[in-house]
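The sequence and the structure are shown below.

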Amino acid sequence: MSTMSRIQRIKEYLSKRRLSHRKKVGVLVDGPNMLRKEFNINLKEIREILNEYGDIKIAKVFLNQYATEKLVEAIENQGFEPIVTSGDVDVRLAVEAMELIYNDSIDAIAIVTRDADFKAVLMKAMEMGKETIIIGAEPGFSTALKNSADIAIVLNEEGEEEKEREPEEIIEV
């Protein structure tokens, strides 16, 4: 058994995937779906993982109107832009994702969610030449979603090694 932590293994794996130039990454977080006590999601950890892959240029967390000021402040303190919407969070996130897909200064799109509704967004991103990263948690992380991204990372699942597959990869943290 390796003495290297799961986070260290993921960071090492992603740093090996880098090409000669650093990727410009846009990351979008589905707040109501992922920022729950039972998942214990750490935005700093997500930032560290993605920083091994490239430079984060856009980092947004989407929240519903019930988000507390304390949560909004914590998100800002982690370097993410909180987006509070009174409408459907998924729709707003999808609109922002489409903007990233058509943004020539973004090379890769990372979506933090478990929701299969974002499969179409990932497929469109790939069609437009963007690399795709999906970051989620169990239980309820859509298999279809994991299989639709270039890289899938499961944050809270126990695993001895990263799971690699062609053409996509799944990494368990």
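T85 is buried, with a relative accessible area of 12%; buried means under 20% relative accessible area, exposed over 50%, and partly exposed in between, with a 1.4 Å probe and protein chains only. T85 belongs to strand β3, residues 81–85. Helices (H or I, at least four residues) and strands (E, at least two) are DSSP runs, numbered from the N terminus. With neighbours within four places in sequence left aside, T85 is in contact with L63, N64, Q65 and R92, where contact means heavy atoms within 4.5 Å.

## Basis of the model

The model is predicted: local features need pLDDT of at least 70, side-chain atom pairs count only at pLDDT 80 or more, and totals for chains, interfaces and linings use all residues. Residues are numbered from 1 along each chain as its sequence is written, and side-chain values use heavy atoms, with hydrogens and water left out.

## Overall content

The protein chain holds 7 helices and 8 strands. Of its 173 residues, 49% are buried. Among contacts between residues at least 6 apart in sequence, 59% join residues at least 24 apart.

## Strand pairing

Two strands pair if DSSP finds at least two bridges between them. β1 and β2 run parallel and are joined by 8 bridges; here V27 stands opposite A59 in β2. β2 also pairs with β3 in the parallel sense, over 5 bridges, and K60 stands opposite E81 in β3.

## Nonpolar cores

A nonpolar core is a set of buried Ala, Val, Leu, Ile, Met, Phe, Trp, Tyr and Cys residues joined through side-chain atoms within 4.5 Å. The largest has 31 residues, and V27 and I153 have the most contacts inside it. Two or more residues of this core come from each of α1 (6–17), β1 (23–30), α3, β2 (54–64), α4, β4 (108–112), β5 (131–136) and β6 (151–154). The most, 5 residues, are given by α3.

Apart from neighbours within four places in sequence, V27 is in contact with L50, I56, I58, A59, K60, F80, A110 and V112. A second, separate core of 21 residues includes A97, I101, F118 and L122. In soluble globular proteins, nonpolar side chains tend to be buried together.

## Largest pocket

The largest pocket has a volume of about 340 Å³. A pocket is an open set of points on a 1 Å grid over the protein atoms alone, where a 1.4 Å probe fits, with protein on both sides within 12 Å along at least five of seven lines; lining residues have an atom within 4 Å of a point. Grid points are joined across faces, edges and corners, and the volume is the space filled by probe spheres set on the points.

Of the 14 lining residues, L35, I41, L71, A74 and I75 are the closest to the centre of the pocket. α3 (43–53) and α4 (69–77) each supply at least two residues of the lining, and the largest share, 4 residues, comes from α4. The lining divides into 6 nonpolar, 4 polar and 4 charged residues. Ala, Val, Leu, Ile, Met, Phe, Trp, Tyr, Cys and Pro count as nonpolar, Asp, Glu, Lys and Arg as charged, and the others, Gly among them, as polar.

## Backbone exceptions

Most residues other than glycine have a negative phi, and most peptide bonds are trans. Phi of N40 is near 50 degrees, a positive value in a residue other than glycine. N40 lies in the loop between α2 (31–34) and α3, and is exposed, with a relative accessible area of 67%.

E138 and P139 are joined by a cis peptide bond, with omega about 5 degrees. P139 is in the loop between β5 and α7 (143–146).
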